[in-house]
Amino acid sequence: MGLWDFVKTELIDIVEWLDSTGNTMVHRFERHDNEIKNGAQLIVRPGQAAVFVDQGQIADVFQPGRYELKTENLPLLSTLQGWKYGFNSPFKAEVYFVSTKVFTDLKWGTKNPIMLRDPEFGPVRLRAFGTYAIRVSEPGKFIAQIVGTNGVFTVDGISDQIRNFIVSRFTEALGEGKIPALDLAANYSELGQAVQTVISPEVAGYGLEVTTFLVENISLPEEVEKALDKRTSMGVIGNLGAYTQFQAANAIEAAASNPGGGAGEGMGLGMGFAMAQQMANAMGGGAHAAPAGGPPPLPGAAQFYVAMDGKQAGPFGPDVLRGHASGGQLTRDTLVWKQGMEGWKPAGEVAELQPLFGAAPPPLPPM
């Protein structure tokens, strides 16, 4: 300290602290050799407390207000110092200003997933995070238990310890609550209140108070969330059979609108019906199983099953069969079957289908 700084400390008789950081919890008032003059003015602003420490002991604590430092205002410090000469000369004491405001938006979160047994999903891993707020409720205890002789103490110096308290107690509360994972979102407030109640006595031992504790999110592992999304999608679809028919109808419409003439239209129509039939058969238990118990065909409109690419397709009505024949997918040699037939036969041998192929010319006469 230079000469001018020393002279200024001898002249200054106002003890105060203005915080420009926003996260400082404790600030030690610096004076040359910790000498404070008799009659000095102590200014404690709202949201502050001034703690006098003498030889490692908490002497006096001042709440917000303006004080003139005299013997009657410092009973404990006067006893500790044992001044026989009064306050005519400077006395020594360390003055710590403690911020008693609420420090908000402090983060907490689980470093590692929490292993729990869910009643619906079985063993699951959960992660959680949120915010909390603290304030110094007992400045003297906070100085003695946490700050010690630090000249400046910020909220970062205590947040890690409180975060450990929170995660530990939150894990216990989550395990004891046995709340299904899908119902956790409806119980964030209850979980927050439970954790705040449990950790309050622990942080009170440091002279602190947890004023707010919030659970913002509890999440499942990414792969479990993806599975839930698929399950939700199935629930939105509803009737899977109706959805399959809808998709097949869209495919048929797209194939029919493809330019390429009548043959192309018939081929697209046949492919659409074949795809729809395969999907329907798959839903019913197999691509080759003939449906049982279905509604009978309309009178005069026989429907045939057709062997396509080694698989059963259909049943198709006359219009669709005509499209197949035009597209070349249904020929005289293609095997077909309908109810009442003993077995599969070539289409050319079925009287009802012969008109699809046109009349065959008679043999040439002998020359």
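Select β4 and strand β7 (residues 65-68) to begin: four bridges join the two, and they run antiparallel. Strands and helices here are DSSP runs, numbered from the N terminus: a strand is E with at least two residues, a helix H or I with at least four. Two strands count as paired if DSSP finds at least two bridges between them. This is a predicted model, in which local features need pLDDT of at least 70 and side-chain atom pairs count only at pLDDT 80 or more, while totals for chains, interfaces and linings use all residues. Residues are numbered from 1 along each chain as its sequence is written, and side-chain values use heavy atoms, with hydrogens and water left out.

Now zoom in on Ile43, which stands opposite Arg66 in β7. Together the three strands make an open sheet, ordered β1-β4-β7, with mixed pairing. At its edges lie β1 and β7, each pairing on one side only.

Which residues cover the two sides of β4 (residues 41-44)? Gln41 and Ile43 lie on one side, Leu42 and Val44 on the other, and all are buried (under 20% relative accessible area with a 1.4 Å probe, protein chains only; exposed is over 50%, partly exposed in between).

Move on to helix α3 (residues 139-147), where Pro139, Gly140, Phe142, Ile143 and Val147 are buried. These residues span an arc of only 165° around the axis, so they sit on the same side of α3; the arc is taken from the directions from the helix axis to the C-beta atoms. Just past α3, look at Gly148, with a positive phi of about 65°.

Then select Val26. Beyond its neighbours within four places in sequence, its contacts (heavy atoms within 4.5 Å) include Phe142, Ile143 and Val147, as well as Tyr96 and Phe97.

Of its 43 residues, Met25, Val26, Ile134, Phe170, Leu174 and Ile218 touch the most other members. Helix α4 (residues 156-177) contributes the most, with seven residues. A second, separate core has 15 residues, among them Val15, Val44, Phe62 and Phe97.

Just after α9, Gly328 has a positive phi of about 85°.

Methods: Core = buried A, V, L, I, M, F, W, Y, C linked by side-chain atoms within 4.5 Å.
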